[in-house]
Amino acid sequence: MDYIRDFFVNIARSWTAWISTFLPDWGVSLVNYIVVGIILVLMPVLATLTLTWMERKVIGRIQNRIGPNRVGPWGIFQAIADAVKMLIKEDIIPDRADRPVFNLAPILIAGAAGLLWAVMPFGRRMIGADLNVGVLYIVAVGSITTVAVIMAGWASNNKFALIGAFRVVAQLLSYEVPMILSIATVVLLAGTMRMMGIVEAQVIPFIFILPVAFIGYFLAAAAEVGRAPFDLLEADSEIVAGYFVEYSGLKFGWFYIAEYGNLFAVSAITATLFLGGWRGPFANAVPALGPLYFIIKTILVVFLLMWIRGTWPRFRIDQMLAFAWKVLVPASLANLLWVAVVLKLPLPAPVQWILMLGGNLLILFVAATLLGRAAKRDAAKHSLTPAAV
Amino acid sequence: MQQVMFIVLSLVTLAAALMVVIARSMFRAALWLVLTFFGIAGLFILLHAEFIAVAQVLIYVGAISTLIIFAIMLSRGVMDPDARRFNDQWGVVAGFGAVLFVLLAAVVTRTRWPVALADVPADAIQRLGGDFVGSYVIPFEVASVLLVVAMIGAIIIAREQES
């Protein structure tokens with residue numbers, strides 16, 4: 001019974017004890033690193049297999065249809081059918097494409113999606129590498145995607161792929177700023193950049209103290225991943241595929257895996273930073289429940305993102321960049337300033353939290369009012385108001 | 001183990017830096033530069049400066065490499081892979097390069113570098129932040145002013161002419 005209470009950690013210990021019987025010390029470390037590496041790299045692939053099914057079902061129900069239901073009960077093997085189809089497609093490389101760069105781009109993007117999983121806290125003492133700069137590492141790995149996108153766009157030897165890559169880079173760079181500002185607010189409140197430390201500091205989940213930071217990070221991360229309504233990068237119904245239009249077969253598969261791996265990782269980060277990660281009822285007494293709560297919270301955020309995808313229309317590029325710089329950045333900055341000021345006041349912690357929550361609601365109210373007025377001005381300019389009709 | 005990692009990282013960094021200079025296509029040279037930046041980030045990690053390593057990846061690979069690649073793409077005639085790589089003065093330049101190498105090697109190997117033998121403190125990041133607004137506040141503020149000036153300049157240059 002005691003073994004099951006801390007199941008995953010005990011399994012790891014038994015495994016290490018077993019292989020130490022016939023391997024030297026460095027062999028044990030090497031084998032453990034390889035095993036953990038394989039598990040973490042499999043996370044994007046796992047995410048793709050399960051989340052594509054979930055997405056098609058969820059969006060199908062939102063659009064009042066059933067979604068895939070032929071391949072297996074409720075269509076759960078649809079992803080495997082898609083994978084097989086992708087694997088057996090012909091691998092086409094454009095005529096004067098830059099071959100090494102062309103082949104390297106999907107690997108880099110999928111690699112960045114996999115590297116994110118090294119710092120995810122699944123439970124107490126279940127983390128790949130508890131870096132001192134965990135959240136900064138996440139942002140840095142996200143910025144590798146920027147270079148990989150330019151590589152893909154340029155190496156395709158295709159004007160439209162290149163322009164698509166430029167737009168993607170503009171979007172990624174613009175939305176890094178509110179993302180980092182929101183993360184900085186959470187780091188200020190938690191007092192540490194370690195992912196484990198942030199989870200352990202969440203006596204009450206941070207979404208109840210810093211809703212503006214949650215919204216800022218959520219939208220900025222959705223834009224970073226290229227998720228609707230920010231998905232003009234691929235815009236399946238408009239510009240075919242943007243920067244990876246020339247990729248076919250397994251290379252397109254890698255982009256696909258990277259997208260869903262990023263989606264899953266971003267949801268996991270949101271769950272860690274704002275929803276309390278692996279915390280939950282009885283998680284302290286039974287640490288093996290930690291990963292369960294973590295997965296549940298992550299799936300909740302994934303469902304929220306899919307819900308948004310099925311409901312909201314797509315942004316134009318200028319609307320999207322204006323939203324980042326004119327709305328998210330000032331709101332996140334104001335939030336950061338307010339939290340920094342409140343943390344310096346000599347008040348007990350719960351009073352500080354209530355003050356922060358009040359400041360956040362004020363920021364939300366002001367932002368909503370200003371946005372409403374701007375929308376009315378815009379509608380009047382284009383004579384869409386009822387009075388002009 | 002540390003020796004092995006250091007040798008591997010240094011070789012990767014130096015080889016990538018060499019390829020930056022002798023690559024035929026400028027775009028590939030920029031990509032080799034990205035690999036150099038990764039190598040340097042690895043060297044920072046060997047020195048227990050994780051914050052600086054991650055900041056290196058975030059700033060250099062994420063932003064500065066993108067800027068360099070855009071600058072290469074937007075300059076005319078720079079991307080032609082069939083142009084001559086070296087002009088006629090390469091002999092003189094190689095000579096001066098060798099002299100500079102000998103000078104630098106002599107200086108680097110003979111200086112007594114002040115190396116701190118203590119371990120990196122556990123709260124290095126807090127101390128870094130404290131120093132930014134403590135003893136190094138003036139360079140910090142001057143750098144902020146410089147960044148604001150650069151942003152304003154970029155906006156003015158890229159603004160649509162409202163005539």
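# Briefing: chains A and B and where they meet

In this predicted model, 14 residues of chain B are in contact with 17 residues of chain A. Contact means that the C-beta atoms of two residues, placed from the backbone, lie within 7 Å. Because the model is predicted, local features need pLDDT of at least 70 and side-chain atom pairs count only at pLDDT 80 or more, while totals for chains, interfaces and linings use all residues. Residues are numbered from 1 along each chain as its sequence is written, and chains are lettered from A and ligands numbered from 1 in the order in which they are written.

**The side of chain B that touches chain A**

- Two elements of chain B give two or more residues to this side: α2 (26-46) and α3 (50-74).
- Helices here are DSSP runs of H or I with at least four residues, strands are runs of E with at least two, and both are numbered from the N terminus.
- The largest share, 10 residues, comes from α3(B).
- By class, this side of chain B has 10 nonpolar, 3 polar and 1 charged residues.
- Ala, Val, Leu, Ile, Met, Phe, Trp, Tyr, Cys and Pro count as nonpolar; Asp, Glu, Lys and Arg count as charged; the others, Gly among them, count as polar.

**Chain A overall**

- Chain A has 13 helices and 0 strands.
- Its C-alpha trace spans about 80 × 65 × 40 Å along the principal axes.
- A compact globule of 389 residues would have a radius of gyration near 21 Å; chain A has 23 Å, which agrees.
- That radius is taken over C-alpha atoms, and the globule rule is 2.2 Å times the number of residues to the power 0.38.
- Buried residues make up 42% of the 389 residues in chain A.
- A residue is buried if 20 or more other C-beta atoms lie within 10 Å of its own, exposed if 12 or fewer, and partly exposed in between, with C-beta atoms placed from the backbone.
- Of the contacts in chain A with a separation of 6 or more, 76% come from residues 24 or more positions apart.

**The largest nonpolar core**

- This core holds 120 residues, and Ile109(A), Ala148(A) and Met151(A) touch the most other members.
- Its largest share, 16 residues, comes from α6(A).
- A nonpolar core is a set of buried Ala, Val, Leu, Ile, Met, Phe, Trp, Tyr and Cys residues joined through C-beta atoms within 7 Å.
- Leaving aside neighbours within four places in sequence, Ala148(A) is in contact with Ala105(A), Leu108(A), Ile109(A) and Ala112(A).
- In soluble globular proteins, nonpolar side chains tend to be buried together.

**Helix α11 of chain A**

- The 22 residues of α11(A) (residues 290-311) should span 32 Å at 1.5 Å a residue. The end C-alpha atoms of this helix are 32 Å apart, which agrees.
- The expected span is 1.5 Å times one less than the number of residues in the helix.
- Among the buried residues of α11(A) are Gly290(A), Tyr293(A), Phe294(A), Val301(A) and Leu305(A). Lys297(A) and Arg309(A) are buried too.
- The buried residues of α11(A) pack against α3 (25-62), α9 (211-225) and α10 (250-274) of chain A.

**Loop residues**

- Phe122(A) sits in the loop between α5 (99-115) and α6 (134-155) of chain A. Phe122(A) counts as buried because it has 20 C-beta neighbours inside 10 Å.
- Beyond neighbours within four places in sequence, Phe122(A) is in contact with Ile127(A), Trp278(A), Gly290(A), Pro291(A) and Phe294(A).
- Asn64(A) lies in the loop between α3 and α4 (78-87) of chain A. Asn64(A) is exposed, with 6 other C-beta atoms within 10 Å. Its phi is positive, about 65°, although Asn64(A) is not a glycine.
- His48(B) is in the loop between α2 and α3 of chain B. His48(B) counts as exposed, with 12 C-beta neighbours inside 10 Å. Its phi is also positive, about 65°, although His48(B) is not a glycine.

**Chain B overall**

- Chain B has 6 helices and 0 strands.
- A compact globule of 163 residues would have a radius of gyration near 15 Å, but chain B has 21 Å.
- Of the 163 residues of chain B, 14% count as buried.
- The domain assignment gives domain 1 (1-79) and domain 2 (121-163) of chain B. Such bounds come from an automatic or database domain assignment.
- The C-alpha centres of these two domains of chain B lie 23 Å apart.
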